[in-house]
Amino acid sequence: MNSLTDFVLVSAMLFGIGVYGLVTKRNALRLLFAVEIMINAANLNFVAFGQYLPSASGAQGPVTNALGQTFVLFSIALAAAEAAVILAIVIVAYRLHQDVDVSELKSMEG
Amino acid sequence: MMVVTVGSAIVALEADEIIYGAIGLAGSLFGVATLFFLLNAPYVAVFQIAVYIGAVAVLILFTVMLVRQEKWAKEVPARSLTRIAGVATGLAITLSLALAVVDTNLSQFTTLANNATFVDIGVLISTGDAPILEVLALVLAAAVVGAMTLARADREEKPQ
């Protein structure tokens, strides 16, 4: 629980679960869950690498590099915006088609 | 904590009732937040809890309640071929990533950097990354306004 590898492995597992959800699920909300899980895997990687591989070393150990955390703050805000838009689309699709199964939403097929 | 994170992520996707799935997702996000705490990044952890568990999870719960229950209940189980393909893809990606990570010398990094103060992050955001912050504000505003317009225009077309 104290080396960079542990956190990167957890991130890999979360990403794999997200891919599994994207492949198998057809419910729009489950797809949103899968995407959120994958975004969190990426965020975890950002923070882990930023904290374990700082840019320079100081007198009292490695100097912190806040760049990874900064990126994650931006990423979380973007993910929140994305979730809001997706949920609005889900509600509209439900009103129009009375369904949340993405394979039933055929009106947008080319 | 890692077990909680990964376990609730699986629950989020596999729970029978979608409301339990939403709660599982919230648990997984909370697990990631505690991992941020362990990584000496308390500011990001608090931000994660505030935004994800405070806003996104509540938003999802409201959507689940707005859509009638039977629509979620009739969720068709994926065909077994799709399921096998999904499990295989997920496992393949996880295993290849894990093998690639284990193959490197990342495990030699065991020292955490000093705790970044709020001032460090704030300086970074407001100096070098200031244009990103501005664009992000515009994107957020556009997304929220777009979401509200989507949900509202439809109601005018189809009065109940």
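Chain B of this predicted model contains seven helices and zero strands, and its pattern, read along the sequence, is α-α-α-α-α-α-α. Of the 160 residues of chain B, 23% count as buried. When contacts in chain B between residues at least 6 apart in sequence are considered, 46% of them join residues at least 24 apart.

Chain A is built from three helices and two strands, which follow one another along the sequence as α-α-β-β-α. Of its 110 residues, 54% count as buried. Among the contacts in chain A with a separation of 6 or more, 50% come from residues 24 or more positions apart.

The individual helices can be considered next, starting with those of chain A. Helix α2 of chain A, which covers residues 28-52, is mostly covered, with 21 of its 25 residues buried. The same reasoning can be applied to α3(A), whose 31 residues should span 45 Å at 1.5 Å a residue; the C-alpha atoms at its ends are 44 Å apart, which agrees. Directly after α3(A) comes A:Q98, a residue with a positive phi, near 55 degrees.

In chain B, helix α2 runs over residues 18-38, and its 21 residues should span 30 Å at 1.5 Å a residue; with its end C-alpha atoms 30 Å apart, this expectation agrees with the model. Just after α2(B), B:N40 adopts a positive phi of about 70 degrees.

The two chains meet through an interface in which 68 residues of chain A are in contact with 75 residues of chain B. On the side of chain A that touches chain B, at least two residues each are supplied by α1 (4-24), α2 (28-52), β2 (61-62) and α3. Of these, α3(A) gives the most, contributing 22 residues to that side. Sorted by class, the side of chain A that touches chain B has 46 nonpolar, 15 polar and seven charged residues.

One helix pair that joins the chains can be followed in detail. Helix α3 of chain A (residues 67-97) packs against helix α6 of chain B (residues 118-126) at an angle of about 65 degrees, and their axes are 9 Å apart. Angles of 65 to 115 degrees count as roughly perpendicular, and α3(A) and α6(B) are therefore roughly perpendicular to each other. The crossing in which α3(A) passes α6(B) is right-handed. On the α3(A) side the contact is made by A:L67, A:Q69 and A:T70, while α6(B) contributes B:I121, B:L124 and B:I125. By class, this contact between α3(A) and α6(B) has four nonpolar, two polar and no charged residues.

Among the residues of that contact, B:I121 deserves a separate look. B:I121 lies in helix α6 of chain B, and B:I121 counts as buried because it has 21 C-beta neighbours inside 10 Å, where the cut-off for a buried residue is 20 or more. Further along the chain, B:P131 is ten residues from B:I121 in sequence, and the two residues are 15 Å apart in space, taken from C-alpha to C-alpha.

Definitions and conventions
Residues numbered from 1 in each chain as written. Chains lettered and ligands numbered in written order. Predicted model: local features only at pLDDT ≥ 70, side-chain atom pairs only at ≥ 80, totals over all residues. Axes fitted to C-alpha atoms, helices over the stretch in contact; angles between N-to-C directions. Helix = DSSP H or I, 4+ residues; strand = E, 2+ residues; numbered from the N terminus. Parallel < 35°, antiparallel > 145°, perpendicular 65-115°, else oblique. Left-handed = near helix turned anticlockwise from the far one by under 90°. Contact = placed C-beta atoms within 7 Å. Nonpolar A, V, L, I, M, F, W, Y, C, P; charged D, E, K, R; others polar. Expected span 1.5 Å × (residues − 1). Buried ≥ 20, exposed ≤ 12 C-beta atoms within 10 Å, placed from the backbone.
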